[in-house]
Every structure is written in structure tokens, then in C-alpha cells.
Amino acid sequence: MFFLQSTAPSPTIVLILGTLCMFILVGGIIIFMLLHQRKVEGHSKQIEQMEADHQKILLNASIRLQEEERQRLAADLHDDAGPLLATARLYLNENLINQDKASLLQSILQTRQIIDETIMLVRNISHNLMPPTLKNFGLESAITDLFQKISGSGVVNASSRFHDYKERMNEERELIVFRVVQELINNILKHSKSSFIHLTQNLQEEKIFIRIHHDGRGILQADFDRLNKSYDGLGLKNISSRMRIMQGQISFEKDISQTYFKVTIELPKIDPEAARKTKKQLA
Amino acid sequence: MSLLFIVFQIIFVSSVNTGRLDSIPIGIETILIIFYIITLLFELVNNVKTPITKHYCFWISVGILIYLGGSLFFYLIIDSLKLKEIATYGKMTYIAEIIKNVLFGLSLIVYSKAGFKKEIQQEIRPAPFLDIT
């Protein structure tokens, strides 16, 4: 009976309690939003910091590689070209005038031979720095040339095939792609113990795909990501930086048959930066 | 959802004999607006570039939330109140309205500051290259 005798609550109490609850709800929503944004901001700063650290590592790797390249060049010139030229100079001394004709002729011929060797050496150093085939005939010829040289050694069977490369990319992009392919091939030759390497090029929807297959011991994407973040793997970091410049992507995986390791390079056919600049100029 | 609410309102007004104010549409409308504001605030929060308090929409949303919070229950029970009670309890909603208007004013200040900053950024042009040879 007691419960049946319920009286309606006073409107004041309903209003005050209801309004208080609504204010608490509103306050809760606002505080939640502010805290949530702080969390999102913190998370975003963490990601930015990680990105900056990664950039630092890539930059250091790039500088180290450059220094190694310079040291190699200096060593080649100092150890090979230097002694050859010094020897040639020895033959061409003041006493040459006092020698008889036969000895004089022999000295000149030997000096010429030494100079020829030096020219060959300097040419090789120069070709390693910037292959003339790449500049004059393009990426397809340079890679074909490179693969022919590798095959010529008899250790590995290397072949390449360009399916759709009628229009050349600009020189800068071709050089970057060539360096990436060169680095990948060097790594395969050094570490994978493969017996064949095959490169194919395709064009699909304004994107160039370069795929390298080999039957040796390769790395997968997880290994590449791990080595990229560590202080080792200088060459891979360089590849990563170069891909970033071209706004391309590289992936390491096994092919469908799970027999061969496959490296896929994907890059836009036209340089996005150049296209943007041209669009701006036309506008 | 807004379309659904408009359809509901048309049906309600045409079918129900309304008194002074309709508690049910007000209640549903308030819930809808609170839902929209929460969605907007989530969008603002996920935009990490600007702090949420520097966005004028935040202050407008908070103002609307406070107003709705302060007046919802009054409008919900308004049908069962007498005219004298409406006049008395209606004054309680004035507090929420004052806070709402202050926050609207704050949003105008925030908006004008943001607009002023953009103008300054646009006016700063790099010095011309004076190659006088």
C-alpha cells in the first residue's frame, strides 16, 4: 500500500537534478575530447620523432656510403694509377738522351704500354663512377651491358628483358634506378649464392615495374624493414633513400611458386615533381 | 537522420494536437544535435594540426551543448507546468543562455584571430631578388 501512495516529484527537483546531470554529461564530453586530443597529439609527435630519427639514420648511411665511395676511388688512384704513372716517369728520365737507339726505343715502347694501362685503369674508374652507356643509350642498354658483364664472368647466369621501355625517363631518374639495380645485383652476388638472376621491366598504368628474380638466398620485406631501421645494411638504406627520392616503392618477397626470391621496384613513369612544376607553369 | 527527423516533425505537427511547446520533438531534436556535436568534436580532435580550443567550431559546439543541457529538462516537462511555474523555472534557462552567448562571442574572437593570422602569413612575401649588375 505504501508503494501505491507515490507522489509525483516536484518539478523543481526534476529540473535541478536533470539539468545537473546534463551539465555533468556535457562537462564529461568536453573533458573527454580535450584528453583525447592530447593523446592523439602525443601519439602524432611520437610518430614524427620516429620519422625524424629514421631520416637521420638514412642520412648518416648516405654520408658513410659517399665517404666509402671516395675512399675506394682514392685507393684505386693511389694504389694503381699512381705507381703506373711514377714508373712511366722513371722511364722518361734525363738519361734517355744518352741511351743508344735500341734502348731508347724500348724505353719509349714500355712507357707507352704503361700509359695505355693507366688509361684503361682511369677509364674503368670513370665507368664505375658514371657508365657512359647509361648516359648515351639509356637504362635498358646500361642494364643489359651490366648483366652481360656479369654473365661473362661465368659464375652467374644473368639476363634482362625490357618489355615496354620505348620512352626514356630523364637522366637523373635513370641514374637512380641504375644505382638501385646495381646495388641489388651486388648484394645478390655477394650474399645469395644464386646461379641465375633475371630482370624484367614492364609498364602498367603509368607505372614502371622492374622485377629481379634469383634462385639464391634472399631477404623478405620483414628483413629489409629490420635492416633499414638498424645501423647495418648501408646499401639497403641507400636503396631506401633513392626510392624515396623517386617516390617509388620496393618490395622483397618470394614469387608465386615460392621457389625464387623476387625484388619488385615500382615507380611512376613521369617524375611527379617535374609534372607538378610543369602544371604550375602552364597554369 | 536529419531528413527522418523532418519527416517525423511534419507527421507529429499534423497529427498531434500540440499545446504550448512539444516536449517530444524538442527531446528528439536535442539528442540529435548532441549526437552531431559529438561527431563534429571527434572530427576536430582527429585534426592534430590545430589544438581543438583554437578552433571556433569548438566554442560554438560547447555553447550549444551547455544551452541544451541547461534547457532540455525544462522543455521536457513544460507541458505539465502551469504558466506561473513556466515563468519561474524559465529563468533557470537564462543562465545556460548567457553562458552560450559568451561562448559564441569567444568563438568570434577565436575566428577573427585565426583569420588575422592567415592574412599576416599571406602578406609576408620573400624579398625580391635584386640583381643589379
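Predicted model: local features only at pLDDT ≥ 70, side-chain atom pairs only at ≥ 80, totals over all residues.

**Strands, contact and helices**

Guide: Gln204(A) has Lys207(A) of β3(A) opposite it. Residues are numbered from 1 along each chain as its sequence is written, and chains are lettered from A and ligands numbered from 1 in the order in which they are written.

Visitor: In which sense do β2(A) and β3(A) pair?

Guide: Helices (H or I, at least four residues) and strands (E, at least two) are DSSP runs, numbered from the N terminus, and two strands pair if DSSP finds at least two bridges between them. The two strands form a hairpin with two residues between them, and Glu205(A) in the turn has a positive phi of about 50°. Over eight bridges, β2(A) and β3 (residues 207-214) of chain A pair in a sense that is antiparallel.

Visitor: Which residue is the bridge partner of Ser159(A) in β2(A)?

Guide: Strand β1 (residues 157-162) of chain A and strand β2 (residues 196-204) of chain A run parallel and are joined by six bridges. Within β2(A), the partner of Ser159(A) is His198(A).

Visitor: Which helix of chain B gives the largest share of the side that touches chain A?

Guide: The contact, in which two residues count if their C-beta atoms, placed from the backbone, lie within 7 Å, takes 20 residues from chain B and 18 residues from chain A. On the chain B side, α2 (23-46), α3 (56-77) and α4 (83-123) each supply at least two residues. The largest share, nine residues, comes from α3(B).

Visitor: How many residues of α1(B) are buried?

Guide: Helix α1 (residues 2-15) of chain B has 14 residues and reaches 20 Å from its first C-alpha to its last, close to the 20 Å expected at 1.5 Å a residue, where the expected span is 1.5 Å times one less than the number of residues. A residue is buried if 20 or more other C-beta atoms, placed from the backbone, lie within 10 Å of its own, exposed if 12 or fewer, and partly exposed in between. The helix is hardly covered, and its count of buried residues is zero.

Visitor: Why is Tyr111(B) classed as partly exposed?

Guide: Tyr111(B) lies in helix α4 of chain B, and its C-alpha is 8.8 Å from that of Cys57(B), 54 residues apart in sequence. Tyr111(B) is partly exposed because the number of other C-beta atoms within 10 Å is 15.
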